[in-house]
Amino acid sequence: MTGIMVSTFQALGVFLLAFLPGALYVWAFERQAGGWGLSLSDRLLRFIGTSAVFQALGAPITYVLYGTYVHSGRLGRGAALPWWLWVLVIAYVVVPTACGHIVGHGTRQRRSWALKITGPSPAPRAWDHLFGREGLTGWIRLRMKEGGWIAGAYAQSDTGGLRSYAAGYPEEQDLFLIETAECDPDTGAFVVDERGAPRLRGISLLVRWEEVAYLEYIRG
């Protein structure tokens, strides 16, 4: 019975170690790019595939370490391990996490090399494709379903604190505009000042997408 329990725990440990790199990669990627797994099965397949890639790349090292420390019985006897082995253990966690972070950051910036990894259309919705870009700024005009227009700035405050924000997948779509501008309620045309710049109202706005008929983005 004890032997069965030990084998079960060993199998569980091997299973967790096998899929840990993919799970860390997906976690780090989605911290940067957003929760772009369309479903649990999609996310599961993503980290299984990623784990397979990392395991294939590290297979020669794994084979040598298994033969040297596990199959030889050194680990079971509690023999002292060399210090550099702990560096490999740390790298086992750090490398996939760093790769996920870098690829996620590159995806937000729409880098060509990152899109070769994620595919040309990684964002699940057009909403995420637009608002998921890093450093996005510009003017937003909203045509409301109940009539009228709302205009505002998708930007960051001059002090670097509060900024505009759009909820990402899979959360319900809502939009926070740090500043709104005066506009014609019938045509949506900006009301400008003597310099030709949109006249600001000094008021922020939070709006749900279900209240909006369509959205116009004007590059800032």
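Predicted model: local features only at pLDDT ≥ 70, side-chain atom pairs only at ≥ 80, totals over all residues.
View 1. Residues are numbered from 1 along each chain as its sequence is written, and side-chain values use heavy atoms, leaving out hydrogens and water. The patch members are I61, W83, W84, V87 and L88, which together have about 540 Å² of accessible area (Shrake-Rupley method, 1.4 Å probe, with only the protein chains shown counting as cover for residues). Patch residues have over 30% relative accessible area and no salt bridge, with nonpolar side chains joined within 5 Å and like charges within 9 Å; a salt bridge is a Lys or Arg side-chain nitrogen within 4 Å of an Asp or Glu carboxyl oxygen. Look for W84 in helix α3: W84 counts as partly exposed because its relative accessibility is 38% (buried is under 20%, exposed over 50%, partly exposed in between, with a 1.4 Å probe and protein chains only). Helices are DSSP runs of H or I with at least four residues, strands are E runs of at least two, and both are numbered from the N terminus.

**View 2. The largest nonpolar core.** Here 14 residues come together, and F131, I140, L142, Y154 and L175 have the most contacts inside this core. At least two core residues come from each of α5 (126–131), β1 (138–144), β4 (174–177) and β6 (205–208). A second, separate core has 6 residues, including Y25, F29, A33 and F54. A nonpolar core is a set of buried Ala, Val, Leu, Ile, Met, Phe, Trp, Tyr and Cys residues joined through side-chain atoms within 4.5 Å.

**View 3. A close look at L175.** Beyond its neighbours within four places in sequence, L175 is in contact with residues including W127, F131, I140, Y165 and L215 (contact means heavy atoms within 4.5 Å).

**View 4. The open sheet.** Three strands follow the order β3-β4-β6 with antiparallel pairing (two strands pair if DSSP finds at least two bridges between them). The edge strands, β3 (165–166) and β6, each pair on one side only. β3 and β4 share 2 bridges, with A166 partnered by L175 in β4. β4 and β6 share 4 bridges; in β6, R208 is the bridge partner of D174 and L206 that of F176.
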